[in-house]
Amino acid sequence: MLVHNWRAVIKHAWSIRLMALALLCIVLEPVINFVTATWVSHNLYIQLAMSVITGLVAVAAIVARIFVQQTISGDLNGKPPAEG
């Protein structure tokens with residue numbers, strides 16, 4: 001079931017932005033590895049760096065998901081935010 005303000009969540013939530021960035025890193029990783037393979041014979045460090053960046057962004061998305069964001073969550077007293 002969707003939350004009542006799912007449009008605001010998609011628009012303002014940092015967790016969504018960070019998950020999109022992680023997806024972009026996942027999609028670009030094979031492309032970057034292919035391109036760098038033509039210039040560098042052993043691109044192990046580049047592969048490792050891309051994996052670390054993707055992992056760190058994914059962890060940041062998880063952390064961002066548990067923090068309250070005032071523009072989305074509304075007041076801290078448990079009231080839902082106004083539809084907008």
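Guide: Helices, as the word is used here, are DSSP runs of H or I that span at least four residues. In this predicted model, the chain over residues 44–68 is 92% helix and 0% strand, and its end C-alpha atoms are 38 Å apart.

Visitor: Where does UniProt place the feature "transmembrane region"?

Guide: The unreviewed UniProt entry places that feature at residues 12–32 and 44–68. Over residues 12–32 the chain is 95% helix and 0% strand, with end C-alpha atoms 30 Å apart.

Visitor: How are H2 and H3 oriented to each other, roughly parallel or roughly antiparallel?

Guide: Angles between N-to-C directions that are over 145 degrees count as roughly antiparallel. The axes of H2 and helix H3, the latter covering residues 44–66, cross at roughly 170 degrees and come within 8 Å, and the two helices are therefore roughly antiparallel to each other. The contact draws on residues of H2 including Trp14, Leu18, Cys25 and Asn33, and on residues of H3 including Ile46, Gln47, Val57 and Arg65.

Visitor: Into which classes do the residues of the contact of H2 with H3 divide?

Guide: The residues of this contact divide into 16 nonpolar, six polar and two charged.

Visitor: Is asparagine 33 buried or exposed, and which residues does asparagine 33 touch?

Guide: A residue counts as buried when its relative accessible area is under 20%. Asparagine 33, which is found in helix H2 (residues 14–39), has a relative accessible area of 12% and is therefore buried. Leaving aside residues up to four places away in sequence, asparagine 33 touches Asn43, Ile46 and Gln47, and Ile46 and Gln47 are among the H3 residues that make the contact with H2.

Notes: Residues numbered from 1 in each chain as written. Predicted model: local features only at pLDDT ≥ 70, side-chain atom pairs only at ≥ 80, totals over all residues. Heavy atoms only, no water. Buried < 20%, exposed > 50% of the residue type's maximum accessible area, 1.4 Å probe, protein only. Contact = heavy atoms within 4.5 Å. Axes fitted to C-alpha atoms, helices over the stretch in contact; angles between N-to-C directions. Parallel < 35°, antiparallel > 145°, perpendicular 65-115°, else oblique. Nonpolar A, V, L, I, M, F, W, Y, C, P; charged D, E, K, R; others polar. UniProt positions renumbered as here; feature names shortened; annotations may be inferred.
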